[in-house]
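The following report sets out the computed features of a protein model. It is intended to be read alongside the sequence and the coordinates.

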There are 2 protein chains.
Amino acid sequence: MNIGVDLLGSDLPPHEFLKEVLGFSRDLPETINLVLFGTPSLFESLHPPRLNVVFHPVEEVITMEDAPLAAIRKKRNSSLCTGIRFLKEGRLQAFVCAGNTGALIACAKIELPSLPPIERPALMTLLPSKESEMAVLDVGANTTNSADHLVQFALMGIAYQRSRGVLLPRVGLLNIGSEAKKGTPELQEAYNKLLLMSESSSSFCFVGNIEGRDAFLGRVDVLVTDGFTGNVFLKTAEGIAALILDELEECSPDAKGILSEIRARLHYAEHPGAILAGVDGIVLKCHGSVSPQSLIRSITTAARLVQHDFLSQIKTELTLLQ
Amino acid sequence: MNIGVDLLGSDLPPHEFLKEVLGFSRDLPETINLVLFGTPSLFESLHPPRLNVVFHPVEEVITMEDAPLAAIRKKRNSSLCTGIRFLKEGRLQAFVCAGNTGALIACAKIELPSLPPIERPALMTLLPSKESEMAVLDVGANTTNSADHLVQFALMGIAYQRSRGVLLPRVGLLNIGSEAKKGTPELQEAYNKLLLMSESSSSFCFVGNIEGRDAFLGRVDVLVTDGFTGNVFLKTAEGIAALILDELEECSPDAKGILSEIRARLHYAEHPGAILAGVDGIVLKCHGSVSPQSLIRSITTAARLVQHDFLSQIKTELTLLQ
C-alpha cells in the first residue's frame, strides 16, 4: 500500500517532520510505501534511505493563513491538492496531512466521491473515556449543521465503531442537559429522528443527550455534535488535561512515571489525528501544531485502516443502516 | 445581611442539605443571617439552632422536570419564586439555589430589574487557569446569543474582574481558531465590535479569539461565549478533570494527598456556583447535582459578594464602560 504524507503547511518546520519520518521508515514493513510531499529544496542532496520511501517534490504550499477555497483553486500543485488527487487516482491508499483544515476538507469534498447517504464529511476522532474509546464527530469540518447532518454523523460513527468490533454502539448527542427538549432546534430534531431510527434498528442503541461532564464516563461509543461545539469540546478536553498534568508535575516531581503513562493514554486521542469521514478515501488530519511523533502515529493508524479495509466496512455498514 | 438558601428542587435530598447547612451555621459570624426555604415536613419537630438561622416553610416545589415558564407561573409560592421575591423586596441580600436553572433565570428576569445596558442575564463562573482565574460567561442562561449579547457578556465579565481587582482585564472570545473570520457570523461580528471598543477603552484589553485548548493557559481574564457552547465548555472541563484524577488515584494510591490538593484547586470552579449576572440582585446558581459542601461554599461566596458591595461595583463599572 502507498501512504502519502504531507510534510508542508503545518506549524512545524518541514525538515523536522522529514527527519522523524525517515527515522521511522526504517522500521516499516516492506508492504508499506511512504510517498513524502515536500518542496524541492527540502529534498535537495538527500536520497530516500530505502526503496519503500519516495520523495515527491511539489512547487506550491498551502499555508494556514490561506483562504481554503481560493487556495485549492490557485495552488492545484500544492502538496495538499496533489495528495488528495493521488488518492483519487488510486496512486495512494491513504493520505496524512497536518496542514490547513479548511483547504483539506474542501479539496477532499471536491475531488473524492461522497459515501451515500452522507452529504457532508465530518472530522471524527477517538477520545478516551472510562474503559473504552468514543468516536466523536464532527470535531471541526463544519461550523453549523442541520438535524439531518447530525443523523448522518451518527451513522458514520456507528459504522466506524462497528468496524472496530463494537457490535451495538451506544450513540449520544452532546447537549446541555439530558431532556429531549434541551438545546437548539437542530439537536431536538436530531434527537427525535435518532430515537425513531434506533427503535427499528439492531445496529445501534440511542442513549439520548449526553452532557460534557458525562461524556467521559464511558456511557457512549459515538458522541454526535456539530463541528463548532465538537471542536470546542475536543480542545477544551486537551486544555484542561494539560493544565492538570502540568500542575501535578510541579507539585510532585516523583510522580513523573505515572503522569507520562496517563499522558500517553490521554494523548491517544491526539495521535491518530482525525479521520475525514464521509468521503471515498482514507484522509487523516493531524493538528497543525502536531508533534512529529503524533504524525508517525497517524501514519500507523492510516496503515491499519487500509489493512482492515476500513472504507469497504464503512460502506457496508452505511448500506445496512439505510 | 440575610442570605436565602433554597433547600428544595435539586438532585440531593433536602434533609441532607439542611443537616449540612445547620452544621455550617454554627461557625457563621453574627452579621450573617440564613433564611432556609424548605417544605413544612422538612422542618417538622426541628428548631433553628441559632438566632441567625430562620426556617421559612413553603408549600410548593419546582422540580428539575418542570417547564420553567409554566412552573414560575403556577408555583408562585415555591421556594425558588419566594426566594427571588424576597430578594426583590429587600428581605434578602443574596439568594442561593441549586434547583431548575431555567426557572431560576426566568423568575429572576421577570422579578428583578436588569442592569443597563444588559438585555439578557448570563451565568458567569470562575474557572482556574495557569496562575489566575478567568470569568467565563455565559455558561448556560441562554441557548443562542446575538453579537450584541456577546458584547454585553464581555462588559459584565470586565466589570466583575475589575471589581475583583483586575484593573485591565484581558477579554477573549471562545472560538475554533484565532483568526478574526473564524466561527459563526455572531462571533465574527462580536469580534469586530470588541476590537473597536477596546481601541478607545482603558478598562479592558481585547485579545481576540481563544481556542478551548489555550483558554487554560492564563491568557484571558474574561472568556466570552454563547450559553450553549459555554455550558459544554464548563462541563467538558469538569468531565475530563474527573477522568484524569480518578485514573491517577487508581494508578497511584500514594498520591492521594497531592490529588486532593489539585481537586480542591480545580473544584474552586464548582464551589461558588455561577453568578446570575445582569440582574439587580445577587443570585447564585449551584449545580443540580451539587454536594452539600459546594452549597456551603456558595453561601460563603454570596456573603462575600454582599460584603464587597458587588452590585454597586458592577453598576459603576457598567456605567464607565458605556
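In which helix of chain B is Gln188(B) found? Gln188(B) is found in helix α7 (residues 185-199) of chain B, where helices (H or I, at least four residues) and strands (E, at least two) are DSSP runs numbered from the N terminus. This is a predicted model, in which local features need pLDDT of at least 70 and side-chain atom pairs count only at pLDDT 80 or more, while totals for chains, interfaces and linings use all residues. Residues are numbered from 1 along each chain as its sequence is written, chains are lettered from A and ligands numbered from 1 in the order in which they are written, and side-chain values use heavy atoms, with hydrogens and water left out.

## Surroundings of Gln188(B)

With a relative accessible area of 27%, Gln188(B) is partly exposed; buried means under 20% relative accessible area, exposed over 50%, and partly exposed in between (1.4 Å probe, protein chains only). Leaving aside neighbours within four places in sequence, Gln188(B) is in contact with Ala180(B), Lys181(B), Lys182(B) and Gly183(B), contact being defined as heavy atoms within 4.5 Å. Gln188(B) and Ile240(B) are separated by 52 residues in sequence and by 29 Å in space, C-alpha to C-alpha.

Two strands are taken to pair if DSSP finds at least two bridges between them. Strand β5 (residues 122-129) of chain B pairs with β10(B) in the antiparallel sense over three bridges, and Leu123(B) stands opposite Leu276(B). Strand β11 (residues 282-285) of chain B also runs antiparallel to β10(B), to which two bridges join it. Here Lys285(B) is the bridge partner of Ala274(B). The hairpin of β10(B) and β11(B) has four residues between the strands, and Gly278(B) takes a positive phi near 110° in this hairpin.

Helix α5 (residues 101-111) of chain B has as its buried residues Ala103(B), Leu104(B), Ile105(B), Ala106(B), Cys107(B), Ala108(B) and Glu111(B). These buried residues pack against several elements of chain B, including β5, β10 and β11. At the start of α5(B), a side-chain oxygen of Asn100(B) reaches to within 3.2 Å of the backbone nitrogen of Gly102(B).

## The interface of chains A and B

The same surface serves both copies, since 100% of the contact residues of chain B recur in chain A.

The contact takes 44 residues from chain B and 44 residues from chain A. Between them the two chains bury about 4,000 Å², 72% of it on carbon and sulfur atoms; buried area is the accessible area (1.4 Å probe) that two parts lose on being put together, summed over both. Ile176(B), Arg213(B) and Phe228(B) supply 17% of the area that chain B buries against chain A, more than any other three residues.

Four salt bridges are counted between chain B and chain A, a salt bridge being a side-chain nitrogen of Lys or Arg within 4 Å of a carboxyl oxygen of Asp or Glu. On the side of chain B that touches chain A, β5, α8 (227-251) and α9 (256-267) of chain B each supply at least two residues. Helix α8(B) gives the most to that side, with 19 residues.

## Salt bridges

Side chains of opposite charge can pair when their charged atoms come close. Over all chains the count comes to 28 salt bridges. The table lists examples.

| Pair | Closest N and O atoms |
|---|---|
| Arg213(B) and Glu238(A) | 3.0 Å |
| Asp214(A) and Arg219(A) | 3.7 Å |
| Lys75(B) and Asp66(B) | 2.7 Å |

Arg219(A) is partly exposed at 40%, and Lys75(B) is partly exposed at 21%.

Note on methods:
Polar contact = N/O pair within 3.5 Å; in protein donor to acceptor, adjacent residues only side chain to side chain.
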